[in-house]
Amino acid sequence: MEQDGVVSKPVAVIVCIAMAFLYVAILYAPTVLLRLPPPSSLKNFMIRRFLCAFVSSILSFFLSVLILPVQNKEPRYIFGVYGIRVDHIWQAVVLPLSLTSLMYAGSLSLKSLLLLDSWRQHTSSGGALSFDSCKYVLRMLLGWLSATSSNVLAWRNYIVAPLTEELVFRACMIPLLLCGGFKTYSVILLCPIFFSLAHLNHFMEIYAKQNYRIKKAVMVIGLQLGYTVIFGSYASFLFIRTGHLIAPLVAHIYCNFMGLPVLYSSRSGIVSVAVILGFLGFLWLLSPMTGPDLYNDRIDNCSCWQGYCSWRQGIAKS
């Protein structure tokens with residue numbers, strides 16, 4: 001129950017669990033509840049899932065709006081509570097993206113070495129860097145962009161999944177948990193648990209791919225859940241520190257694009273050195289590059305940047 005307009009801890013947790021369940025359940029609603037026939041192609045199947053994900057995200061958003069004791073019902077203020085803001089937008093994009101890229105220093109150095117090897121092979125075979133070769137590289141890049149933009153799985157990985165997941169599991173859940181009285185560090189650890197629960201539906205798919213070997217399926221899903229918990233903690237940290245939804249969103253897209261970070265390469269020690277330096281740089285810059293004063297005009301008298309303090313202050317004064 002709510003007391004004095006403040007969400008209680010049990011209510012906050014129950015609503016978050018309901019949102020996580022809703023996010024997954026609606027994906028299966030067309031075939032299970034509506035009894036619609038299976039889609040005729042992968043593209044149609046993914047488009048149907050895209051629509052379901054957006055429906056569940058919108059429902060979670062309105063459910064959160066109804067429960068949170070937000071005093072000011074103006075759209076701009078409400079959107080600001082969920083980190084949907086246009087102020088300090090370049091900081092919210094560039095700084096978290098730069099910070100996240102440090103964890104991929106090994107991957108980036110390995111890709112650079114592979115590109116350098118390719119360029120050396122091109123020059124050793126009689127080729128040279130010319131206008132025609134530049135046009136060839138440009139055509140390859142444009143071809144890759146065209147193929148990616150028309151790939152329905154790319155839309156899922158880089159647009160739909162990051163956008164809907166960050167909206168539900170960060171923007172909707174974190175203000176609820178904060179307003180429910182949970183400490184910041186508790187929210188950073190608790191919110192990813194709901195995030196990982198929403199990925200348990202992949203178990204049966206992986207179970208089938210592993211020829212129904214439960215041990216292998218458990219190992220694969222365990223690795224995925226571990227990664228989602230780690231990333232979910234980082235994304236929650238970004239949201240709480242910056243108060244911008246786009247901060248964890250760009251980090252989510254970047255991580256989906258890069259995949260698991262490369263930690264070691266037998267072909268060059270440079271990769272291992274880059275991994276160590278990148279990790280140390282990440283730890284060193286984690287706090288300074290996510291400082292709330294970089295993303296907000298005023299941070300005085302407020303310990304969280306979604307406006308949750310002002311809700312309680314407003315309640316206390318009324």
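Let me start with helix 2, residues 42-67, and helix 7, residues 152-179, which in this predicted model pack at an angle of about 15° with their axes 10 Å apart. Helices here are DSSP runs of H or I with at least four residues, numbered from the N terminus, and axes are lines fitted to C-alpha atoms over the stretch in contact, with angles running from 0 to 180 degrees between N-to-C directions. Helix 2 is therefore roughly parallel to helix 7, since angles under 35 degrees count as roughly parallel and those over 145 as roughly antiparallel.

Among the residues of helix 2 that meet helix 7, with contact meaning heavy atoms within 4.5 Å, are Phe-50, Phe-54 and Phe-61, and helix 7 brings residues including Trp-155, Leu-163 and Leu-167. The residues of this contact divide into 16 nonpolar, four polar and two charged, where Ala, Val, Leu, Ile, Met, Phe, Trp, Tyr, Cys and Pro count as nonpolar, Asp, Glu, Lys and Arg as charged, and the others, Gly among them, as polar.

Now to helix 1, residues 9-32, which packs with helix 2 at an angle of about 150°, their axes being 9 Å apart. Helix 1 is therefore roughly antiparallel to helix 2. Their contact includes Leu-22, Tyr-23 and Ile-26 of helix 1, together with Cys-52, Leu-59 and Leu-63 among those of helix 2, and by class it has 14 nonpolar, five polar and two charged residues.

A word on conventions: residues are numbered from 1 along each chain as its sequence is written, and side-chain values use heavy atoms, leaving out hydrogens and water. Because the model is predicted, local features need pLDDT of at least 70 and side-chain atom pairs count only at pLDDT 80 or more, whereas totals for chains, interfaces and linings use all residues.

Note on methods:
Helix = DSSP H or I, 4+ residues; strand = E, 2+ residues; numbered from the N terminus. Parallel < 35°, antiparallel > 145°, perpendicular 65-115°, else oblique.
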